Amino acid sequence: MLLDLIARLDAAVQLGDTTAITQRVKHELEAAIQARAVMLPDRFRLARTEGYARRLLHRNDRLGYTAVVMTWAPGQRTPLHDHAGIWCVEGVVEGRMDVTQYDLVEESSGACRFEAKGCVHAAVGSAGCLIPPFEYHILANAIDRPSITLHVYGGEMTSCHVFEPLADGRYARCERALSYHD
Ligand SMILES: [Fe+2]
């Protein structure tokens, strides 16, 4: 049941310390997905042709967290991006995702140099944590069917930075507003 997961997330986000919170949220997400308890209403399953879909599942303003569902058609991916300094735990509900983590190693006059830390092939029931300042990655649907992911954020991410490749291998930092689809 989604209500049970939400009650568990409410408890997890009150643990105080970011590492403890994200570890507990990761555990709760993985357990709920593996128990097939994340039953999403149909509208969350619809992919969009323009890009991956991002829909609000749950927001608790008092406890300061949000849960967002993303639906990925084949071939859809994010650019390299950050998380606006907000912790995040991301779990795969359906399909399979490729997650490539990056470290920001240098930034001068708006140009950033990143080091790829390797790619994780994330299957159903696995979740990963991002704790700032380690918050840079690319997510990509890894299969030729839709994939669905569930993201829990320690706040509401209304904007983030995306990093666009430059000719010299560095990236330009660009602010991007984020919104929810339907
Ligand atoms: Fe992300």
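Which residues lie nearest the centre of the largest pocket? The close-ups below take up this question and others on a predicted model.

**View 1. The centre of the largest pocket.** Glu 90, Val 99, Ala 122, Ala 127 and Gly 128 lie nearest the centre. They belong to a lining of 17 residues. The pocket has a volume of about 260 Å³.

**View 2. The strands around the largest pocket.** Strand S7 gives the largest share, with four residues. By type, the lining holds nine nonpolar residues, seven polar and one charged.

**View 3. The second largest pocket.** This pocket holds about 210 Å³ of space. Its lining is made of Ile 33, Gln 34, Arg 36, Val 38, Met 39, Arg 45, Val 93, Glu 94, Val 124 and Gly 125. Helix H2 (18–34) and strand S4 are the elements that give two or more residues to it. Five of the lining residues are nonpolar, two are polar and three are charged.

**View 4. Thr 158 and its contacts.** Thr 158 sits in the loop between S9 and strand S10 (159–165). Setting aside neighbours within four places in sequence, Thr 158 is in contact with Arg 176, Ala 177 and Leu 178.

**View 5. Thr 158 and Cys 119.** How many residues apart in sequence are Thr 158 and Cys 119? They are 39 residues apart. In space, their C-alpha atoms are 26 Å apart.

Key:
Residues numbered from 1 in each chain as written. Predicted model: local features only at pLDDT ≥ 70, side-chain atom pairs only at ≥ 80, totals over all residues. Heavy atoms only, no water. 1 Å grid on protein atoms, 1.4 Å probe; cavity = no way out; pocket = protein on both sides within 12 Å on 5 of 7 lines; lining within 4 Å. Points joined across faces, edges and corners; volume = space filled by probe spheres on them. Nonpolar A, V, L, I, M, F, W, Y, C, P; charged D, E, K, R; others polar. Contact = heavy atoms within 4.5 Å.
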